[in-house]
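Visitor: Please show me the structure and take me through a few of its parts.

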Amino acid sequence: MVTQQSRLGRGGRSIEKLPRTKLYTLAFAIAPYAAYERMRGGGNTLAPVELAPGVPATLVLSYPTAVRILNDPERFPADPRVWQKSLGEEHPLLPMLQWRPNALRCAGKEHTRYRDALIQATAAVDLHAVRDRTIRVAVSLINRLLEIADYRETVGLYVVEVIDHYITPLVFTVLNEVVGCPPDIGQRLRRAFAAMFEGIDTEEVNAEVASALVELLALKHAVPGEDIASRLVHQCGGLSDEERMAQLVTIYSAGIEPVRNLIANTMRRMLTDARYRHDNHNFTPPVEDAVEETLADDPPMANLCNSYPRQPVLVDGVWLPAHQPVLVSMAACNTDPAIVGDKGWTDNKSHLAFGSGPHACLDIARGMTKQIAVQAIAQFFDAFPEAELAIPAHEVAWRPGPFHRAPAAVPVAVPSTPPLIIPPAPIRR
Ligand code: HEM
């Protein structure tokens with residue numbers, strides 16, 4: 001039960017007294033589910049964590065508690081402005097978490113205004129065209145993969161690292177096309193967002209993102225197209241250019257890293273799970289199921305949906321302090337034994353990978369994600385049905401970071417294959 005009182009006392013424990021798990025360490029990245037289990041010990045639904053050295057937060061581990069918090073924006077507003085003053089101006093968490101005039105980092109009427117603008121700017125995205133674009137980009141990347149792969153003469157196979165050479169360029173190219181961003185500006189954004197997600201070079205990252213987006217908006221003012229950026233400029237008249245930039249930052253930060261991690265996690269799953277192997281003689285589940293399973297069992301944004309209570313709040317018998325981040329562990333909540341039981345998820349899509357409540361991921365963004373992920377994976381395995389992980393499954397390394405669940409690299413061994421025919425460019429958006 002979530003209640004709010006003006007002072008600590010009667011009946012509540014302080015979260016400060018429990019041991020604090022460091023979410024930024026390599027040890028956590030290697031075995032996050034063991035850490036969630038430890039935090040859950042004794043029936044805890046919440047756990048104290050650190051997002052970076054000396055930066056405390058609370059992690060929500062229970063599915064029902066998370067759903068209540070995510071649907072209670074009055075007590076759990078997403079606005080970090082008071083909290084971020086405690087970080088100092090150069091803190092590496094700032095590019096990822098700081099306040100911006102966008103839906104993700106605002107509450108109340110401000111949030112509604114920005115969310116409405118995003119819905120308007122993205123509503124006309126044609127999911128069939130996203131599918132066609134993804135196939136075209138996938139095929140052209142696949143045709144170049146063997147040129148950059150390492151040939152292993154002993155086994156007669158090529159080894160290619162799919163995150164750097166396939167998934168990342170694919171996701172960026174498709175998103176750039178849907179946003180209406182030319183390749184040169186897109187390249188600059190790609191480098192800057194990669195640094196933002198790694199939490200490095202705060203000032204330089206913000207400056208590079210801003211300068212690339214200023215150029216993009218100027219282009220769309222002058223030469224509008226049928227794309228998200230043009231619609232933000234020409235159909236969201238109530239927004240300033242600064243606000244339009246902030247919406248584009250949300251679209252890029254939400255549209256790259258999680259989608260890339262989802263594809264990488266799903267490919268790793270398919271390469272290591274006997275049900276998906278090419279030499280499996282039983283029914284092989286479709287790629288859609290593998291993607292949905294990954295969203296439910298191992299979501300790409302593991303811990304996020306930050307909120308910052310304005311007063312101390314009593315949740316499940318624990319006092320959460322004011323102006324300290326509360327993060328939902330989508331990974332822990334989706335695998336919460338209290339709701340999953342022995343059988344895991346069925347196809348009911350009630351996992352929290354896309355959030356819940358007023359800040360939940362937009363329907364159109366979920367649709368785009370699934371088209372991109374399914375087609376990227378399907379095209380790869382159509383081209384290379386005998387693909388194998390090039391290292392033992394337990395040697396796949398994980399990128400440390402409090403928010404994502406991201407393999408560092410997925411090296412795949414594939415045989416030579418003749419080039420595929422690249423489908424023509426779609427005429428729809
Ligand atoms: C695997 C892919 C994706 C995942 C796992 C994902 C997950 C999420 C989650 C968990 C939230 C809620 C955040 C919060 O409550 O603080 C969210 C919000 C959002 N997502 Fe996604 N997302 C994905 C793809 C995308 C894409 C492709 C776009 C846009 C092109 C997008 C746009 C947004 C926006 C604009 C919001 C903010 C909504 C608001 O605050 O009102 N997402 N997403």
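Guide: A crossing of helices is left-handed if the near helix is turned anticlockwise from the far one by less than a right angle, and right-handed if clockwise. This is a predicted model, where local features need pLDDT of at least 70, side-chain atom pairs count only at pLDDT 80 or more, and totals for chains, interfaces and linings use all residues. Residues are numbered from 1 along each chain as its sequence is written.

Visitor: In which hand does H13 pass H14?

Guide: Helices (H or I, at least four residues) and strands (E, at least two) are DSSP runs numbered from the N terminus. H13 covers residues 257-272 and H14 residues 287-297, and their axes come within 9 Å. The crossing of H13 over H14 is right-handed.

Visitor: At what angle do the axes of H13 and H14 cross?

Guide: Axes are lines fitted to C-alpha atoms, for helices over the stretch in contact, and angles run from 0 to 180 degrees between N-to-C directions. For H13 and H14 the angle is roughly 110°. H13 is therefore roughly perpendicular to H14, a term for angles of 65 to 115 degrees.

Visitor: Which strand pairs with E11 in the parallel sense?

Guide: Two strands pair if DSSP finds at least two bridges between them. Strand E8 (residues 303-307) has 3 bridges to E11 but runs antiparallel to it. The parallel partner of E11, also over 3 bridges, is E5 (residues 55-60).

Note on methods
Parallel < 35°, antiparallel > 145°, perpendicular 65-115°, else oblique.
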